[in-house]
Structure formats: C-alpha cells, structure tokens
Amino acid sequence: MLHRAEEDALYRQFAKKRAEEETQISEQIREEWEEELQKLTSRLQNNNGHSLNKEKAHLEKNMTIKLDKKKETLTRKLLEQERQATADLVDKQSKEMINLISEKLFEYQKQTNDGSEYTANNGSNGFSKQKSGSRSNLQMVSTVYPAQPPQPSAPVLSKSELYTDPFVFDHIDQVAINVAKEDQGTFTDLVRQLIQPCETDIEKARAIFRWITVKNLNTMQFEDNLSHDTPMFILRGIKHGTESYHVLFKRLCSYAGLHCVVIKGYSKSAGYQPGLKFEDNRFRNSWNAVYVAGGWRFVQCNWGARHLINFNQGVKGKSDSLRYEYDDHYFLTDPREFIFEFYPLQHDWQLLKRPITLQEFEEMPFVRSLFFRYGLYFPNPNNDNYDEICFDPPNRSISCKAVLHTDSSGATTVRIGMPTKLTPSLIFHYNLKFYEKEQDEFDGVSLKRYVMQSVSSNVVSFRVHAPVSGIYIMDIFANATTPREYITGEPMKFKSVSKFKIIATDLTQTMIPLPSCASGEWGSESNLEIQFRMSRPLTDFMASLHKNGVEEKKLAKYVSCYVQDDVVTFLVKFPPEHTTGQYGLDIYCREVGNQASIVGEKQLLTHTCKYLINLCRKG
C-alpha cells in the first residue's frame, strides 16, 4: 500500500505540473496575442476594416500554430522528466522490495533451518541442482542469492553453458503465455502466478521475460480508469510512450526477489548505418541486466518482444498459417555478443574483462541477432577461431570492420565463418547499392553482378569489385534450410545478418560485371566437363550459359547434359569465335515425384548451383 500511495502522489504531481505548465504557456501566448493585435490595429487604423480582419485572421492562425508547437515541445520535455522520475521511484521501490524479501527469507531460515546456512533451492533465487533429464540443464551446486546487488563483472559461465536450446524453458514459457491471457489486478498477483512453478532464479527471469514479450501492445485495449499500481497501467504507458519495457522488467524482477538494473547507452537500432558516429541522442537506448546464475546477464525485452509472421507466406493455400515469434537472443545475451549492438555509458556495464572504447564500438561490424543464432563469426585471417575475434584476451582486435575500403581496383572482401554443422544448410544472399542514392544499378547493370559470392570449407566470401568511385552499402542475408526444402523449390525468406559500408576511391581500373546468372554462390573455375553424383532421385536437369553482351538463347546449343546411373554430366562448349572471356553457368533440376514443384501444368525447377568459367584458348 505504501508503494501505491507513492505512485499515486507522483502521478498527481505529474498532472499538476502539466496543468501549471500548459496554463503558463497559454497565458504567455495570450499576452503576446494582445500585444501583437494592438500593434496591428495601430498600424492599420487608417485602412479599411477588410484589411484589418484579414491581418487579424492571419495573426490568429500564426499564434495558434505557435501555441501548438510550444505545447508539443512541453509535452516532450515533461514526458522525459516523468519517465526519469518514474524510473527513480521504481529503483527506490525495487530496492525496498529486495530488502523486504531478504529479511523474510532470513527469518524463514532461522525458523526452519535451525540457524543453518540458507541455500537457494526449491523456488528460491539461486542455482538449484537438477536431476538428469529435468527441464533445465544447469548442473550446479546450489548457492546463496546475494542480499545486496554485486558489482558489475563478466559472468563466469556463458549462455551456452547455462542452456543451448530454449526448449528447456518450454514449461515456464507456457505458464507465462497462459498468464498473459488474463489481466492481473496487482504486481504481486502477476509475479506470484509467473514464478509459482519456477525452481531457479533463471526460470524466474525467464517467466517475466516471456510474459513481457508475449504481450501484443498493438492490439491491446486499455480502460481509462486503470489504477496506477497495476501491470495494465504500465503496459498502457509503454504503448503511449510514458513507460518503458526495461522499467517494467526491473519492477517485476524486484517482486520476484531478483536484482535488476536499468542500463543506459547507445544502440545500433532502427535507422543506424555502418560507420555512423554516436555524437547525439539519436541512438540512445536502455536495457536491463539481471543477476541470475551467479552473474549479471543482459536482457533486452523490447528487442526480444513478439512479432507476428506468416509462416507459409507465398505458399498457395497456406496464407492463413500464422505464428508468433520472439527473439531468444536477447535473453541472457553473452556480453561479447551484446557489445556488437549495445554500448553502455558506464564502461563497467559492458561486462567484458577488457572494456572497449566508443570508437571501437563504432568500428565493429553491424550485425543482427540472427548472426549469432546461426553461430556465425568473422574469421581471423590467421586463425578461424571465434575466440580470437572477441574483445577479451588474448586478442582484442577484430579482422572485419563496419567500414571497408577497397584497393585501387575497387576490390574488397567480406568473409563470414559458419559452424561446421550448419555449413550444408545455410544459404546466403546479398544486396549492394549506393549509400546516398539508394540505387542498386550502375549504367543499367545490377550492382549484384559486381559481387562474387563463394564458399570454401566453412567460410562464405563476398568479393566486391566496385565499378566506380563512391560509397556503397552491402547487406548480407542468410537462411537455414534443409536439402529437401531447397530442392523442392519452397519459398525462402532471407533475413539480414550483417551490413557493411564500402568506400571506393581513386580507382585505377574499370571492372566489368559478372555474367547475369541466378543469385547465390559461385562455384570455382571449372573445366568443360562438370559431374555430380546424386544422393536422391533427381530429374529434368537443365543448364543455361551466360556471357555479357550475348543473348542467352544463342548460347543454349553449347550446353548439353546426360545422366548415367547416379552420375550427371554437363558438357560445355563455346562458340568458336570466342577465344577469351567470362561465362556464367546456371544448373537446375527437380526432385522425382515432388508435387510441390507442380504449378498448373508446369514443372518448377530449382536452381542448384552456378559456375564462373574463365575461357582462355591459345592459337
């Protein structure tokens, strides 16, 4: 009740200050209006009444616009002040709640354990030792949850050491989803329902995270007479911009007995482009760190919040197959991954063993959560080990920068490493366009044809040859698919994993575009005979040959294909008048008996690979 009284008093203070400020502005505008009207009347006293009325109407319009602008500026200023005051009050109340819980736990310890040391178990806040096959894979000795928040420091265990599959929280997630279907009258009721099945502090944080991320504020309707100390009031405030996710998460954590802080800093959020400097408040952001599993760990509820997707978008007859997604990357994110997108104003809250500077943050590659979900990394030229590119010992350098400079021929290369287990299923795509013009063509040719994508071992490379001096943006996309999904031609949606700014200056060579082939990676240079062995029944093989300046149909007769047993052979010949040049070869096929590739009376073929062939004949 004390907290509710404090909140009611604070909101009454907000309302009073808003009314006073608005009255003051209205009075100022009224006085200014009277003064200007007097000047206008004096200036036009010898003119006819029509001119005076016209000038008065114009003056009234300008004064109304001026009043609206002042009120808008005032609203923004007061909103920021109210957010800060609310955050300060939540911080105060959270500390009080944590202290109260600690006191109650200590009393419970004395009554039930006969003075023995209290261990965080059976619904407490610390680790709990799990039996084999339980829903959590934390195999740890139970420990006491600290009564006071520890100093910020790098966590001893990585996220992957705590859990590798979100499925371990399936039961907790379902509880949070079910709780989110109803409205709770108080924070106490909400938290009690969320953490009732939880056995560890991680599960408590997880339940709160999932409750927040499953709430769809875009569709929620709120009553006007909500009590200030209710979850629904806070959610309404988030929707209208007066509250924030990170303050809500901190408040709920305090009711669950978890230490949580709000961290302020910069983020590479919407509108950010590689190479931009953080010189103003444009990219200011806030997020949380919660103390669980013996260390501080990052949570970003806003970026992890649910969104609606069409799972079978583009598939005939399945357009109504919808599902909700959330982003698990932003729950207990490892510091060495979090630092790619978020930079705190207080260096200690980087939670890195060796913090980086703001300049280093600006120079780091611009990556998205999918980059880490797929286990991608930027390999060091001398060592493809992921650990070598992080800002922890032994090496704080990173081989790839957000801004790349080409050589005198316009060439530069982006290399991305893949985990071995995902190499067969990851498919990449890219876009290249001019930075300022938002154009993706040069002299009528797609800029994609100035990038050669290839894969060697577990590294995908994008070799860029800028056709002209200028600044470019390259966006790299990825998607994981099974061989069957790929071969059946099912629609694939690529999502951005990384973006780079490329600067080309003082070019001494003019590059020609690659042949116009289907998008995707190129094979290596090849002889005139290319063979494949089928791992499953395939049919309808087709290949098309391309060369800049030559019609595709004129080259069709120079490519043939035959199948013997499970070996497919493509024979490529070249026009006798061509002695040199680059050719592109596209190869297509389909899976035997695949009904999904039949549209009407047509059979859809799937693009399987392409080759770049350099022709050089002597004599």
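This is a predicted model: local features need pLDDT of at least 70, side-chain atom pairs count only at pLDDT 80 or more; totals for chains, interfaces and linings use all residues.
Contact here means heavy atoms within 4.5 Å. Leu190, Leu194 and Ile195 of helix H5 meet Lys204, Ala207, Ile208 and Trp211 of helix H6. Sorted by class, this contact between H5 and H6 has 6 nonpolar residues, 1 charged residue and no polar ones.

How are the two helices arranged? Two packed helices are described by the angle between their axes and the distance between the axes. Helix H5 covers residues 187-195 and helix H6 residues 201-214; they pack at an angle of about 120°, and their axes are 9 Å apart. The crossing in which H5 passes H6 is right-handed.

## Two residues with positive phi

Now for some backbone detail. Most residues other than glycine have a negative phi. Ala293 is not a glycine, yet its phi is positive, at about 50°. You will find Ala293 in the loop between strand S2 (284-292) and strand S3 (295-299). Asp443 is not a glycine either and has a positive phi of about 55°. Its place is the loop between strand S12 (441-442) and strand S13 (445-446).

## Buried or exposed?

Ala293 has a relative accessible area of 4%, so Ala293 is buried. Asp443 counts as exposed because its relative accessibility is 69%.

Conventions:
Residues are numbered from 1 along each chain as its sequence is written. Side-chain values use heavy atoms; hydrogens and water are left out. Helices (H or I, at least four residues) and strands (E, at least two) are DSSP runs, numbered from the N terminus. Buried means under 20% relative accessible area, exposed over 50%, partly exposed in between (1.4 Å probe, protein chains only). Axes are lines fitted to C-alpha atoms, for helices over the stretch in contact, and angles run from 0 to 180 degrees between N-to-C directions. A crossing is left-handed if the near helix is turned anticlockwise from the far one by less than a right angle, and right-handed if clockwise. Ala, Val, Leu, Ile, Met, Phe, Trp, Tyr, Cys and Pro count as nonpolar, Asp, Glu, Lys and Arg as charged, and the others, Gly among them, as polar.
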